[in-house]
Amino acid sequence: MKHPITALLTTLGLSLSAVATTAHAQDDPIVVGGLNYTEHLILTSATFQLLEANGYNVDKRDGLGTSVLRQAQENGQVDLYWEYTGNSVILFNDQPQPADAAETYATAKRLDAEKGLIWLDPSDTNNTYALAMREADAEERDIHTLSDLAEAMNDGADLTLASNAEFYARDDGLRPLQEAYGFEFPRSNVKRMDSGLTYSALREEEVDVALVFATDGRNGAFDFEVLDDDQQFFPVYQLAPVVREETLDAHPDLEPLLNEISAALNDETLIDLNRRVDVDDQNIERVAKDFLTENDLM
């Protein structure tokens, strides 16, 4: 026997889900934040599109810097965004690098919960920092690991590095990397630029080594060799959705929606999505929508 409310809605040609969708649309907007590079722009767009398709009133604020976005969430200006576990542990909570991915996630989840930020399910990803060279140059110089790079630099190789400004200054960035491996790029040999430009600088032979991200689709497409971090210096940067506790309390059905996106992500998927935008020149919103459709999320 139908509940009286359900029977009434049926008579009116409506459904509980339709009413829920209408209720979502009348809520204050959920603000989805995002960082300022391709991978994050795709995920932010996908999240925005999925929530909107499920009847939520959504605003999107992407293109932000790492610390600015985190501060906006802590201040309540952003409700949710995709964050990397390594950023939370090392950059935001000033903790030493954990032993592995599971410990890194658990540490981020525990420390951020104290700040009213809830980490949902982690994806099977690790978009950590990396250094890359042109494949032909790496082969000629016999440099395939960061230890090889250190040895070459210490033997007098005059190599230049393209780095973004953030990596140049981060506590898990260039300076501690050089200390860990025992070498140093002379200050004049480090060219600071926007993240996306490091790839073109390396490809066009303006530099010898470039900062890249492990899941960037341009690495393979541009014939780069990503140098093996043989001492495992770089932290794990596992992606997961992070939501303000107040927002999640008000909208508990956000959790399964966002976890579905997490479950569909792995390194190979991210590399493919990034390649579609950065190499194949596809539209970010189109790539995000295709990702949702291909994974039966929308």
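The model is predicted: local features need pLDDT of at least 70, side-chain atom pairs count only at pLDDT 80 or more, and totals for chains, interfaces and linings use all residues. Residues are numbered from 1 along each chain as its sequence is written, and side-chain values use heavy atoms, without hydrogens and water.

**Nonpolar cores**
- The largest nonpolar core has 79 residues (buried Ala, Val, Leu, Ile, Met, Phe, Trp, Tyr and Cys joined through side-chain atoms within 4.5 Å; buried means under 20% relative accessible area, 1.4 Å probe, protein chains only).
- Leu51, Leu149, Phe185 and Phe291 touch the most other members.
- Helix α3 (residues 38–53) gives the most to this core, seven residues (helices are DSSP runs, H or I, of at least four residues, numbered from the N terminus).
- A second, separate core of eight residues includes Ile90, Tyr105, Ala108 and Ala240.

**Helices α3 and α14**
- The axes of α3 and α14 (residues 254–263) come within 11 Å and cross at roughly 140° (axes are lines fitted to C-alpha atoms over the stretch in contact; angles run from 0 to 180 degrees between N-to-C directions).
- Thr47, Leu50 and Leu51 of α3 meet Leu254, Leu257, Leu258 and Ile261 of α14 (contact means heavy atoms within 4.5 Å).

**Threonine 85**
- Thr85 lies in helix α5 (residues 85–92).
- Thr85 is buried, at 0% relative accessible area.
- Beyond neighbours within four places in sequence, Thr85 contacts Thr104, Tyr105, Ala108, Trp119, Val236, Tyr237 and Gln238.

Notes:
Buried means under 20% relative accessible area, exposed over 50%, partly exposed in between (1.4 Å probe, protein chains only). Helices (H or I, at least four residues) and strands (E, at least two) are DSSP runs, numbered from the N terminus.
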